[in-house]
Structures are given as structure tokens and as C-alpha cells.
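The sequence and the structure are shown first, and the description follows.

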Amino acid sequence: MSSLAAAIRNIAGACALAGLATLSSPISAQEQTQQPATTIINPTAQGVTEQQLLQQQPRITGRIIIPDKRAAVLIQPAGREWRAFHEIALRWIAAIAILGMIVILIAFYLTRGMVRLESGRSGRTIVRFNAFERFVHWVTATCFIILGLSGLNITFGKELLMPLMGHDAFSTWSGWAKHAHNYFSFPFTIGVVLIFLMWLGGNIPNRTDVEWLKRGGGIVGHDHPPADRFNAGQKAIYWIVVLGGAAVAISGYVLIFPFYGTGIGEMHAAHIVHSVIAVLFIAVMLAHIYIGTMGMEGAFEAMGKGKVDVNWAKEHHSLWLEKEAKSDELPGKDLRSTPAE
Amino acid sequence: MARMKFLCDAERCIECNACVTACKNEHEVPWGINRRRVVTINDGLPGERSVTMACMHCTDAPCMAVCPVNCIYTTDDGVVLHNKDQCIGCGYCFYACPFGAPQYPRLGNFGSRGKMDKCTFCAGGPEPTGSKEEYEKYGANRLAEGKLPLCAEMCATKSLLAGDSEIIEQIFRDRVKQRGYSSGAWGWKTAYDEEVSTS
């Protein structure tokens, strides 16, 4: 019995000692709080901070329990950079490219004027573009104008149109413009593919183009260097349409199907590619429209009626005219050039 | 005038998603739209943190700057709201938003977006305050009733703080002083270009 009592005494003594030890510990804890925070035992010392994560990667991504995987991106400061691109850089690029091109074209028209047919009209015409080619051209052109204007509306509309139209009317118009931009992209893309296929044969660069460029063909020089069905300038337009069209179409479909296998970074990239190429494309097409209408006598007929004057063909596409003339002489083939009435 | 802000104390967030549920229920937010969400960083690793995130109602809000129809505006309380009647669903606010806050119902063909929806700081929208139209488009207007956002009110650990910037900063500062450590006020540098000084 006495040994049991002794054991109890011993245990009680040990507990009392332990109690004293724990009583004294708050004092030491208080002493610690007066020291710098680093000396505190920090249970979450390995915790990540926003700054650390953003130094390692462009955006902070974690795990979420909802199906929308976009929501896993917690913070993406790049949104502010994209904003600077959209609100400042893109506007400057677009304004310089488009207004710059308009200024150049006006200056060119005032100094050079319309390039006339040197030998006048022969009265005889030759088929240059058949009905299908013209159809494809004009479908693509119509789509391009709608897409271009509705696209520019997104970038410049709120500054230029909204003050004129009023807030509500402008947002209604912009809503329709957005739908038009989405839906007209499809015929535009088909048009670009058909342009690529149907005119590829005549648009492979060759030695004639080097000569043509050296002698300043087209509307720049006063010479008429020989050219096949398409001269070097037209070939350049062809490749700009095909490659530029492909680039805006591909980047555009990434945007039209947002986050289909893409993340926020890819969406930013797609938008930047799409908008920069699109405004440069618009600037180039302004020059194309100028040459095809005001810039050169007899050029619009090619895509308008489909037939050009034989003298126009002789001056601008001599090699093509020779080939056409030869093929016309072949038996069983219709005479393509029609005599004047 | 108060400057309303959110502050998530990641040291306290336990990823219970009560804020998400409270928001969904209070505003009857449709399926697929998440005005608030909880993201877990370093999941399952030492130093794991969960952060609840919604629209931070940024100073100089990027969404407002990029909106092509200027349908986003800031109230006197610093709350960023938008007009759904003017929104064209272009998705630009989502590209600009550092926090992934704007949400869009899927409408029509392709990836065609409906009117943008996002956290309103429980402050409704441009419709008459407390009207049926306001509730249907933007959800409850608790701020007009003198109440704070329900997500923060519901937060069991008071990890999520919502309210006047000076007051919630002070609460956070006191906590950090008390416990001695902090991973910072997540998103504040990006949203408000300032940190909560805790020294």
C-alpha cells in the first residue's frame, strides 16, 4: 500500500513540475513576440506568396472544384498588358497604317493621276476573269469590307461613332456588327481558299517579276515591262490575300471558339495576331482598291464586266495576251476577243 | 465616401466554398456562371493556400478600359458595375481581367457569348434600386439595404472580408500582427496597385 502511495506522490509531483513548466512558457512566448516575427515558430513558413508565384510564372494557377478550367487561373496580370495593347498600341498601329495609306494614295493620285491607256482603246475586248472568278472575288471583297468595318468598330467605334450615335444605339449596332463579324468570316474564308486555288497557277514568282520590278512596272513607273496574266504587284497582292487571309482566319477562329483547347495566354496572342494583321491587311487592300478603280484606266473592267480592252492587255499583260491570242488561233476554240460593233 | 474592396486572408481560407454557394443562392446565378470561386494553390503540398476570388472591383479597372461599348462603370463606392442592356458579349473584359471575373452564358452557335455577368459587390446594376429588373439581371442589391456582400458575411472563418478599404485593411493588419505571419492580401497589388502594409 505504501509503495502505491509513494507512486501516486511521485506522479503528482511530476505533474506539478510539468504544470510549473507550462505556466512559465507564456512568459517566454511573450518575450518572443517582442522580437522580430521571424523567431516565432511559424506553422506555415513554406506558404507561397503572390509575389513569389508571379516571379516564377506569368500567371497564378491552382486547382478548382468547378468544371470551368479557365477559373483555375487565379491572377493573370498580363490582362493589363493586353489592355495596353488594345487601347494604345493597336490604335496607333491601325491609325498609322490606315491613315498613312490614305495619305500616300491621295498624294500619289495628286502627283501621278490616273494611269491612262497610252495607246487608247482598241474597241476589241478579251475575257480576263470568268463569271466564277468574279463571283469569288466579289464575295470575298464584300465579306472583307463588312469584316473590316465591324472589326474597326470594336477598336475605334466607342471614340468615333458613339458620340454621334448615342450610347444605346451604338451598343445595338455593335451587337449586330459582332454577329456580322462572326458569320461573314465563313464565306470570307471559303473565298480566300478559292482564290488560293483558282489563281495559284498564275501567281508563282518567276524571272519576269524581277524584270518587271526593276523597270518599275504597274502604276509606279512609266514603262510597260512584259507581264504574264499577273504581274509582280498583283502576285504580291495575291500572296498578301492568301497568307494574310489565312492568318486572320486561323487567329479569328481561335477567337470565335474561345478557350476551345486554349488558355488565356493563347487568347491574348490570337487577338494580337488577328488585330495587327487585320489592320495591315486593310491598309494594303485600300491600295488594291485604289489601283483597281481610280488609279488605272481600264483596270476595273477586268473584275467588273470580266473583259478588258486588248490595248490594256497589251500594255499591262503582254505575255498573257500573246498566250491568249495563240490559244485562240487553235482550231475548235471560240474566239475570245470580240470585235467592236 | 467608402472605397469598397474584397480582401481574402489566405491563412484562414479552408476552401469550404460557402462564399460560392452563398453568392449563387443570393443572386440566383444560373448554372455554369461562377461569380466567385475558390482556387487552391500548391494543392496537397506544404504551404498550400486557398484563395477565394471574384471581381476585385479594381482601381482603374482594365475591363472598363477595354469594353468596346463602354458598358462598365464605377460607382461612388468604387464598385465596378455594368449595363447588360449595352453589353455585346465580345469577351474582351475576360481577356483584360486579371482575376477571371467576367462570366458569359453560352448562347447560340460556336463560342457565342451572352451578356456578361460578374460579381456586383451585391450592389445590383443600373436598373432602379431594388426593382424586379435589377434582381433578374444583376441579383440582389444588399449594399442599398445597408448590408455587405453575402459571400463575406457567410465566411465561417472570416477569411473573406468585404467592405470599406480602411476598415478591412485594419482588421487584416491586426490579425497579421497577432499571429505574426501572412501571405499577403491576394490580388491587391494587381487590383489596387497597393499592398496592405502589415509592419
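In chain A, among contacts between residues at least 6 apart in sequence, 68% join residues at least 24 apart; two residues are in contact if their C-beta atoms, placed from the backbone, lie within 7 Å. The model is predicted: local features need pLDDT of at least 70 and side-chain atom pairs count only at pLDDT 80 or more, whereas totals for chains, interfaces and linings use all residues. Residues are numbered from 1 along each chain as its sequence is written, and chains are lettered from A and ligands numbered from 1 in the order in which they are written.

Chain A has 341 residues, of which 26% are buried. A residue is buried if 20 or more other C-beta atoms lie within 10 Å of its own, exposed if 12 or fewer, and partly exposed in between, with C-beta atoms placed from the backbone. The secondary structure of chain A comprises 12 helices and 4 strands. Helices (H or I, at least four residues) and strands (E, at least two) are DSSP runs, numbered from the N terminus.

**Helices of chain A**

Helix α4(A) spans residues 131-160 and packs with helix α6(A), residues 167-199, at an angle of about 145°, the axes being 7 Å apart. Axes are lines fitted to C-alpha atoms, for helices over the stretch in contact, and angles run from 0 to 180 degrees between N-to-C directions. The crossing of α4(A) and α6(A) is left-handed, a term used if the near helix is turned anticlockwise from the far one by less than a right angle, with right-handed used if clockwise. The contact of these two helices has 16 nonpolar, 9 polar and 1 charged residues. In this classification Ala, Val, Leu, Ile, Met, Phe, Trp, Tyr, Cys and Pro count as nonpolar, Asp, Glu, Lys and Arg as charged, and the others, Gly among them, as polar.

Helix α4(A) also has a kink of about 60°, centred on I154(A); the bend at a residue is the angle between axes fitted to the seven residues ending there and the seven starting there. I154(A) is one of the buried residues of α4(A), which also include V136(A), F144(A) and L147(A). The buried residues of this helix pack against α3, α5 (162-165), α6 and α9 of chain A.

Helix α9(A), residues 264-295, contains L286(A). L286(A) is partly exposed because it has 16 other C-beta atoms within 10 Å. Apart from residues up to four places away in sequence, L286(A) touches M101(A), I102(A) and L105(A). Between L286(A) and A169(A) there are 29 Å from C-alpha to C-alpha, and the two are 117 residues apart in sequence.

**The contact between the chains**

Chain A contributes 49 residues to the contact and chain B 43 residues. On the side of chain A that touches chain B, the elements giving two or more residues are β2 (73-75), α3 (78-112), α4, α6 and α9 of chain A. Of these, α6(A) gives the most, with 8 residues. By class, this side of chain A has 22 nonpolar, 17 polar and 10 charged residues.

**Strands and loops of chain B**

| Strand | Partner | Sense | Bridges |
|---|---|---|---|
| β1(B) | β6(B), residues 160-164 | antiparallel | 5 bridges |
| β2(B) | β3(B), residues 49-53 | antiparallel | 5 bridges |

Strand β1(B), residues 4-8, is mostly covered, with 5 of its 5 residues buried. M4(B), F6(B) and C8(B) point one way from β1(B), and K5(B) and L7(B) the other way. In a regular strand the side chains alternate between the two faces of the sheet. M4(B) stands opposite D164(B) in β6(B).

Strand β2(B), residues 37-41, is largely enclosed by the rest of the structure because 4 of its 5 residues are buried. I41(B) has R49(B) in β3(B) as its bridge partner.

The loop between β2 and β3 of chain B holds N42(B). N42(B) has a positive phi of about 55° although it is not a glycine. Most residues other than glycine have a negative phi. N42(B) counts as partly exposed because it has 16 C-beta neighbours inside 10 Å.

F121(B), in the loop between α3 (92-96) and α4 (132-138) of chain B, likewise has a positive phi, near 60°. F121(B) is buried, with 28 other C-beta atoms within 10 Å.

How values were computed:
Two strands pair if DSSP finds at least two bridges between them.
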